[in-house]
Amino acid sequence: ARALWLLVVVLVLGSSNRAAAYEGLSTNLCEVPAKDRVDCGYPEISSEQCTNRGCCFDSSIHGVPWCFKPLQDTECR
């Protein structure tokens with residue numbers, strides 16, 4: 001029972017570290033010109049909510065979508 005408890009603790013700690021390590025898309029995929037941004041969110045969306053959707057977030061330019069679709073990833077995987 002003690003070994004099982006230890007395993008549960010290790011799994012919980014390990015999964016929380018992975019969640020905290022998520023930083024969204026690479027910067028180059030989010031270098032979309034303001035005029036070409038395609039909306040990917042909704043009004044009042046937060047940066048975290050946007051990146052969790054797999055989208056880019058940049059609130060520095062007014063009048064264009066702040067949460068927008070990234071450039072196509074053409075890298076082979």
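Reader: What pattern does the protein chain follow along the sequence?
Author: Keep in mind that this is a predicted model. The protein chain holds 2 helices and 2 strands. Reading along the sequence, the pattern comes out as α-α-β-β.

Reader: Which residues make up the largest nonpolar core?
Author: Start with burial: of the 77 residues in the protein chain, 14% count as buried. The largest nonpolar core has 5 residues in all.

Reader: Is Arg37 buried or exposed?
Author: The cut-off for buried is under 20% relative accessible area. Arg37 sits at 10% relative accessibility, so it counts as buried.

Reader: Which side chain meets Arg37 in a salt bridge, and how many residues apart in sequence are the parts that the pair ties together?
Author: The partner of Arg37 is Asp58, at 2.8 Å from N to O. Arg37 lies in the loop between helix H1 (2-21) and helix H2 (47-52), while Asp58 lies in the loop between strand E1 (56-57) and strand E2 (67-68), so the pair ties together parts 21 residues apart. Asp58 itself is partly exposed, with a relative accessible area of 24%. To recap, the partner is Asp58, and the separation is 21 residues.

Technical notes: Residues are numbered from 1 along each chain as its sequence is written. This is a predicted model: local features need pLDDT of at least 70, side-chain atom pairs count only at pLDDT 80 or more; totals for chains, interfaces and linings use all residues. Side-chain values use heavy atoms; hydrogens and water are left out. Helices (H or I, at least four residues) and strands (E, at least two) are DSSP runs, numbered from the N terminus. Buried means under 20% relative accessible area, exposed over 50%, partly exposed in between (1.4 Å probe, protein chains only). A nonpolar core is a set of buried Ala, Val, Leu, Ile, Met, Phe, Trp, Tyr and Cys residues joined through side-chain atoms within 4.5 Å. A salt bridge is a side-chain nitrogen of Lys or Arg within 4 Å of a carboxyl oxygen of Asp or Glu.
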